[in-house]
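Please take a moment to look over the sequence and the model shown here, and then follow the explanation below step by step.

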Amino acid sequence: MMKENYFDKVAKEWNTPKRNSASEEIKEIILNRLEGERDLSKIKVLEIGAGNGILAMLLSKHFYKIDCVDSSLGMREEFLKNKGEFSADNVFIYDESFLDNITEKYDFIYSHRVFHHIADVENELKLLKKLITPKGKFYLMDFCTIPAEFHKDFPDFDGHNGFSEEEIRAYFKNTGWKLTNYEIIRHGKKDDIEYDIFLAAGEI
């Protein structure tokens, strides 16, 4: 999944006002899209690439349980610190091997700005398909296509420079996901590079 060395290195400084504000926005977007779907307080959730867990903490009071996965030890350590500060007792963090060993299925799976770090996107989508309930929802949120210099500060970046809508539609189709919605949900700017974040919603 993600480059461990880079995220271990930056984990302690990851918690910035700008990132926290973005997490608040994404929380509201998720809740607004799911509103009326079901009783959220009974829903079991899985987050892929949770980082320091701020988004999961913000969502925790709305859902029954949120299991989170992140490959960075440094991020998982920060996650546990934040869990204590938020008193989010229904949020849990695991390394990526967790996905290979669980038999539980989830009503809602989401990922925010993580898939562009995943080399084999289709393999990940196939794995997640096995973990979702028949009526479950999957929200993939990530960058639309961005220039390569966006990741100039990331050493040896070997991920994706965002994704076009066509790429996402192909990934979903090739892995048996039904794409139920595609929309641009956020606009941002990093240094002098503007970017958009899309939300691709899937079902099986």
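Predicted model: local features only at pLDDT ≥ 70, side-chain atom pairs only at ≥ 80, totals over all residues.

Residues are numbered from 1 along each chain as its sequence is written, and side-chain values use heavy atoms, with hydrogens and water left out.

Asn-52 is found in the loop that runs between strand E1 (44–48) and helix H3 (54–59), where helices (H or I, at least four residues) and strands (E, at least two) are DSSP runs, numbered from the N terminus. Asn-52 counts as buried because its relative accessibility is 7%; buried means under 20% relative accessible area, exposed over 50%, and partly exposed in between (1.4 Å probe, protein chains only). Leaving aside residues up to four places away in sequence, Asn-52 touches Trp-14, Asn-15, Met-57, Met-75, Glu-78, Phe-79 and Asn-82, contact meaning heavy atoms within 4.5 Å.

Asp-100, which lies in helix H5 (residues 98–101), counts as exposed because its relative accessibility is 60%. The C-alpha atoms of Asp-100 and Phe-63, which are 37 residues apart along the chain, are separated by 24 Å.

Turning to the helix pair, helix H6 (residues 121–129) packs with helix H7 (residues 165–174) at an angle of about 50 degrees, their axes being 9 Å apart; axes are lines fitted to C-alpha atoms, for helices over the stretch in contact, and angles run from 0 to 180 degrees between N-to-C directions. The contact is made by Val-121, Glu-122 and Leu-125 of H6 together with Tyr-171, Phe-172 and Asn-174 of H7.
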